[in-house]
Amino acid sequence: MVSVGFKHLKEHIIICGLGTTAMYIIELLEPIQKETAKHAHENLVIDSSEEAINKLKTQWPNINCMIGNATDDDVLEQANIREAYGIFPVLSSEKDNLYITMAARQLNPRIRIVARTADVHNTGNKLFKGGANSVISPNLMGGLRLVSEIVRPHATDFLDELLHQADPWLHIEEVIIPSDSSLSGHMLKEIELHKRCGLNIIALKKYNHSLYAYNPSGTVLIEDGDTIVVLGYSDQIDKLEKLARGED
Amino acid sequence: MYKILRQRSIKALVLVLTVFAIGTVGFHLLLDNLTLMDSLYLTVVTLATVGYGDLSPHINMPPDGNPYVIKLFAILIILVGMGSVLYGLGIMTEYLVSGDLARRRNEKRMLKLISSLKDHYIVCGGGRSGHYIMQELKKTLRPFVLIEKSEERIRELQHEFDDLLYVNDDATQDDIINQAMPENASGIIAVLPDEKDNLFIVMSMAQKKKRSGKQLRIAAKVEHFKKMAPKMKSAGADCIISPELISSRRMVSEMFRPSVTTFLDRMLNDDRAVIRVEEVTVSHNSDLAGKTVKDARIHDRTGLLVVAIRKDAAGKFISNPGPEQSIEPNDVLISMGEMDKIINLRRIAEGK
């Protein structure tokens, strides 16, 4: 059942290492794959333990899997990594994940690599250098989430509402003031944004600065090319964009 | 104090060794047929006041030896040698006992500092997650106490957290958690590696909370969300997080979505200052209560905008509150900004 290879797979997603994370990923990928059935990404799981693979098969009978060591380039070749869409190196060993990341990037310059690490500072940086598109640390994410839920439960709810698209969708938007906008040349308090579209400006980046000023005061001057950051519903933000372009 | 004692112990050791060396060489030169090994043996037997009688200055006196010189040498070795051995033992004992005393004194001081805390957070487990949790608590200027079993791990963490408050023991024992003063705390976060231990902590804290009727938020880390979350919930956890699950979600979305750094990401990683989206609750005796947003002049007083108001605990948020929006007691205000400004706003909202 093993080394037949998966050369026929294209635009697939390779999952290296069958741990808790891999199981969650397989579960989470399923609805996405159903949704985008037209150009579905098939999964391919690689793990060195036959026992683990057999266990996976009882739960997901149709899943593609290979028994083998993903840190072996031949195994990656058999998984047709050169034509894969993406890869999750989620083995328990940090070194192995780093190796797979580097090998995958070498074999396929356009593959998406989303790696996992326990140590953001040391291994995390190495993974980025090795070619990972994104590096996630369960310890860091879990730790920050636990703190947020404990120290600021309402603010956490609020941020969740911002991040999860719903209808109507409350979100943060950055609007660049076009040149010759009717807004430029005025102080913040003069443009009466709240009266006109129900929005407050939560941050502002001057056209000649790279950093944001948060909670700008009413006396700040708006000029062409400035970026204003607002938090609001889509219709409010549409109104603001029209206003900035002078279509109101 | 500790260092001086260490130096003195080294001196005492050198003294004892010198006496042994002089005794060995002296007996070897003065007595008949004694090898260096025999002489060392005789010195040790003498100074330990054992005196087997198989070797002695008397028995091994050479025929042409001067008994006065030999006896005087023996007397010298006995007096000086026993003196230095006793002195050395004394120093060693003091060294060991004082280390113990210093540790006990330190523990006492620690407990005193912890008992003076209010509205602090308790972190059970100083592993990787615990480490990140403490970093965030420190960044956002919130006091916390760590409970960690391994003394070595605490030493490591002390390099990063200068004034770390900790209880060096097993967090799954009730009397140990109580040392971290949960009755005065705002929250407790259980991040021990074993999820069963976390369940135990949640249960015992939930009981305590019920009995005291105080506000205490309880959070726990689990590994197997489906299996453990219902148990944690019924045990009384306010928040249950599986780092594996939330990070897997994130990993899957990163796989399909090109990684764009959002405004929020950039804000959270601003290296000029610690910027957070935070909340404050308006108390009855705050001067904000009963005013409109315009009259409360929050921006003038704190430099912060209120980005949303929540009127009741699980209700909808009023985003972009206008100047005429009223602020009432128990309202939760959401604001975004530097931590010192947030703390200032909290002081005003709590009427302190």
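This is a predicted model: local features need pLDDT of at least 70, side-chain atom pairs count only at pLDDT 80 or more; totals for chains, interfaces and linings use all residues.
Residues are numbered from 1 along each chain as its sequence is written, and chains are lettered from A in the order in which they are written. Local features need pLDDT of at least 70 and side-chain atom pairs count only at pLDDT 80 or more, while totals for chains, interfaces and linings use all residues.

**Stop 1: chain A against chain B.** Select the 49 residues of chain A that are in contact with 51 residues of chain B (contact: C-beta atoms, placed from the backbone, within 7 Å). Elements giving two or more residues to this side of chain A include helix H1 (20-35), helix H6 (138-151), helix H7 (153-163) and strand S10 (227-233). Helices (H or I, at least four residues) and strands (E, at least two) are DSSP runs, numbered from the N terminus. Colour H6(A) next: it gives the most, with 13 residues. By class, the side of chain A that touches chain B has 27 nonpolar, 15 polar and seven charged residues. Ala, Val, Leu, Ile, Met, Phe, Trp, Tyr, Cys and Pro count as nonpolar, Asp, Glu, Lys and Arg as charged, and the others, Gly among them, as polar.

**Stop 2: A:Ile191.** This residue is in helix H8 (residues 188-191) of chain A. A:Ile191 counts as buried because it has 20 C-beta neighbours inside 10 Å (buried: 20 or more; exposed: 12 or fewer; partly exposed in between). Beyond its neighbours within four places in sequence, A:Ile191 is in contact with A:Leu183, A:His186 and A:Ile222.

**Stop 3: chain B.** Colour domain 1 (2-104), domain 2 (117-256) and domain 3 (263-349) separately; the bounds come from an automatic or database domain assignment. The centres of domains 2 and 3 of chain B, taken over C-alpha atoms, are 27 Å apart.

How values were computed: Two residues are in contact if their C-beta atoms, placed from the backbone, lie within 7 Å.
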